[in-house]
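Below are some notes on the model, written as numbered points. Please read them with the coordinates open.

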Amino acid sequence: MKLRKQVTVCGGAIFCVAVFSLYLMLDRVQHDPARRQNGGNFPRSQISVLQNRIEQLEQLLEENHQIISHIKDSVMELTDTGAVSPSGHLPFRSANGSWVLPFDGRPTFLAVKPQDCQAALGSHGQADVQMLDVYSILKFDNPDGGVWKQGFDITYEPDEWDYEPLQVFVVPHSHNDPGWIKTFDKYFTDQTQHILNNMVVKLAEDPRRKFIWSEISFFSKWWETADIHKQEAMRKLILGGQLEIVTGGWVMTDEANAHYFAMIDQLIEGHQWLERNLGITPRSGWAVDPFGHSATMSYLLKRANLTSMLIQRVHYSIKKHFASTRSLEFMWRQAWDTGSNTDIFCHMMPFYSYDVPHTCGPDPKICCQFDFKRLPGGRINCPWKVPPKVVVEANVAERAHLLLDQYRKKSKLYRSKVLLVPLGDDFRYDKALEWDQQYTNYQKLFDYMNSHPEMHVQAQFGTLTDYFNAVYKAHGVAQGSRPADYPVLSGDFFAYADREDHYWTGYYTSRPFYKSLDRVIESHLRGAEILYSLAVANARHAGMEGRYPFSDYALLVDARRSVGLFQHHDAITGTAKENVVVDYGTSWTQQDRGIICVPWRLSSPLPHTLASPRPYCASDCFFLLSTRYLVLFNPIEQERLCVVTVLVNTVRVRVLTEDGQTLPVQLSAQWGSASQMSAEVFEVRHKTNSFGTSAAAVSAQFSIIVHTGSVIVLCLSWKKINVSVRHSYIEHCMSRCYTNILSSLFWFFLKDSLWLFHLQSIKHKDDPQEVKVQMQFVVYGTRPSKDKSGAYLFLPDGKAKPYNQKEPPVVRVVEGPLFSEVVAHYQHFQQTIRIHNVPGVDGLSIDITTMVDIRDQTNKELAMRLVTDIQSGDVFYTDLNGFQMQPRHHHLKLPLQANFYPMSSQAYIQDSHHRLTLHTAQSLGVTSLESGQLEVIMDRRLMQDDNRGLGQGLKDNKKTTNRFRLLLERRSMGNKPRHRYRDRKSRIGAPLISTHYHPVLSFCFPLHSLTLFSFVFLCFSRSITFSMMASLPNSLFILSSPKSRVMEFKR
């Protein structure tokens, strides 16, 4: 306080002196008699000099003011911490028994100002259609609509097109899944390569023929195998406008489970390939098969300079509502956009599917007659028992009028007299015969329509952009602009249902092992890419191009494409065949080995890299005989203070900084089972502080020192059990089981009830109120008859039932200076609840790790439920692709499964006092079925197919680790929650920036170990793990030179 007063007085004095001097100067100029006599003859040059000096003084005053402000802020930060560093660097116990870490004088949190998050402060954009409002007004009933079962009867007047003929664009397409029933390579060999080969030949036969293609993963593979003549022919078709590349992503990405980093990566990979090889940029988006649509995707397409987009899989009740209001085409706007900068023109297909029977008009029985692949004698036919007919002169009039009737009825659902009619399905046009059948018969129909003016129609083949351009032209607006009277929409399109109560909410969780692995591989790839960029910049700056490992870029490209392939809407969703999923995993493993070795080979071009130890790859193996270095890399842009865990093979370990200071460490046991410690493997954790996109190094010495060990307690339903104690550094306490776990920031309470040892409440030490946060585990079954849950669908047999087991769980409690944890072993899962005794955000959140194994279950889905006393009502919030938050509403009028939503990175509930946020390291399904609850599906094992084409259940479950962070925040009393729809549109609560960066991004991009320990310790004959607390610095730019600190491990 004394220092702050001195700085304030000193700064004020300097300011007063400067102002007074300026005043005297101006006063002298104004009152000088000699200058008065000169009057208007005062030299202009002197006036200019005086003005310049005044401006310089003003600039100096401003700089002085900024300096004083920085000094005051620094004093305030140091004063507010109230921390006094005790002698030494080792942690100590306080009077209440909790561990306290010495304060190192550096702030370990991000200063957040209100203006840093304008999206959560200001009013949100105005939209004509809010999806929250749509959900509130719809009945979600399903009356029979006649020939359009999920719609209504469509009528029109014959003269409606007399003055403005109907323009019809028939757009041939082939949807190619990069893995589903077959693997990616098998699909390419059996079908896709033939589609593209036929395309080159058949489109060239008639310049009126058009086609669109989406998946660049397949297209690039074909390009690599095609000869120069085929490549040139394909390039000519594209540049001539006969073939359009739509969206241009590596895949048609899933929009529910994929993280926006991966969505961007696969989009960039596809667009860069097109730019390098064809010199084109896509203009229109095409998404006919993702199971629901996210507002994040529309934003990314807009930012990628696309002007228009198309979507298909939307809830049938929403489609019917939009069709009845002629709102199937709209400008899709982001919730935070107060203007129209994020608007993109969107076309929603109105009917059940994107196949031919559901695209020409409302009656699939008639439309199927114009799918000429279904001509009699082929492998497929029309389910409505009326086959197509070859168009000949004798029937062309009747056929043309029948088809035109469907075109007109469909056009009544839109606001323009321009109509889009897709013509295709999955893996269509793989035979030359189909190309001839479709194009020849349709061209005869078009020729007849166009040659009869009384039909008032102009029909032709077209591309997607041809259609959108015609719409813009009809309304007299530029490409991508809003036509007059077209609505603006805000929101997303989850959850998707295609019929009855069949909600596609199961795939949010299906195969969680691969959803989790996807994030791990993404983090490895992103870290390697940043290091590669740093190496490029440093090598060029230092003139070391000759030593630059150019070959590593190919490894990064292969890895990007492998990760991009998994963002496909049948891959990350967990909805592919078992052998296809294995193929994805095999490809991942191969690519991950490559990108893991990239940092090693980049060690010489990287700045601030230790030169003493040579780099090691995962395949190397050595014994720890001397001092070794561990380099840690922080791939995110924010400073991070976190605990780092390393396996070691001796209990005699200490961690040193580069200046020889000892870091606080915590030595823990490795457990082979619930009650059996390992005699050879130990964990050591230490604290490290890292700046963004930077590296820090530590070294290990192995010698006899005084340890800061862990206190371990084991209990079995409040009874003692035997445990083998192998090492004296562990205190074996069997007197009692802990009911609360403490840190220097907060504590949580646990309770043993019905043999289930779970979290009960959380209390911050600076908050007098204890908040109820009960953790429960529940189980869903599936329906006993008719349709059942599968890879896509979630069809439960009712409300969830509590999880029970016959034997009591084994509970292990570990308390130490850096972290404390409770580990409970159940029959089907093992749960670890851990708190870190560190300053900043990481110390305020609870780590929850649940290892799930339900391989012995039949038609069961395991869920974790948080029950609190937060008065959240029927409102909760989930993220969209880790990019933005979306309000959700629990609707009692909907079935239970309809209230689940995808959670890519977080979900939260709140009231006027508290907000509880669950951060997740993997995408899962989440809901809030009652006020104050959050519920997450952890894994699902289902024995049957759900009749959506897969032909399998989910029986290949693996032991899966789901990781979460639970963050309880106290809210300002002035920031009251809003429960009405209109209020939720104007303000969407957002987690604090600091809490968002640390828990979420550290899940996406964990701290990377660049050398030695992470991989080599797996080769040791005897290994140990130690934990360190790491604080790594931050830099704002990815290519800035990283700051590093060196720490040692010595023997």
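**Notes on the predicted model**

1. Phe-322 is in contact (heavy atoms within 4.5 Å) with Val-129, Met-131, Val-134, Ser-327, Leu-328, Phe-330, Met-348, Leu-489 and Phe-493, leaving aside residues up to four places away in sequence. The largest nonpolar core has 175 residues, and Phe-322 is among the four that touch the most other members, with Phe-219, Tyr-407 and Phe-493. Helix 5 (residues 184-204) supplies the largest share of this core, 8 residues. A nonpolar core here is a set of buried Ala, Val, Leu, Ile, Met, Phe, Trp, Tyr and Cys residues joined through side-chain atoms within 4.5 Å; buried means under 20% relative accessible area, exposed over 50% and partly exposed in between, with a 1.4 Å probe and protein chains only.

2. On conventions, this is a predicted model, in which local features need pLDDT of at least 70 and side-chain atom pairs count only at pLDDT 80 or more, while totals for chains, interfaces and linings use all residues. Residues are numbered from 1 along each chain as its sequence is written, and side-chain values use heavy atoms, without hydrogens and water.

3. Helices (H or I, at least four residues) and strands (E, at least two) are DSSP runs, numbered from the N terminus. An open sheet of 6 strands has mixed pairing and the order 3-13-9-10-8-7. Strand 3 (129-130) and strand 7 (284-287) are at the edges with a single partner strand each, so one side of each has no neighbour in the sheet. Pairing requires at least two DSSP bridges; strand 8 (residues 308-311) and strand 10 (residues 344-348) run parallel and are joined by 4. Ser-308 is opposite Phe-345 of strand 10.

4. In helix 9 (residues 295-303), 7 of the 9 residues are buried. At its start, a side-chain oxygen of Ser-294 comes to within 3.0 Å of the backbone nitrogen of Thr-296. Asn-305, which follows helix 9, has a positive phi, near 70°.

5. Gln-884, in strand 35 (residues 884-889), is buried, with a relative accessible area of 10%. Among the residues that Gln-884 touches are Ala-295, Thr-296 and Trp-336. A polar contact of 3.1 Å links the side chains of Gln-884 and Gln-334. Polar contacts are pairs of N or O atoms within 3.5 Å; within protein, one must be able to donate a hydrogen and the other to accept it, and residues adjacent in sequence count only if both atoms are side-chain atoms.
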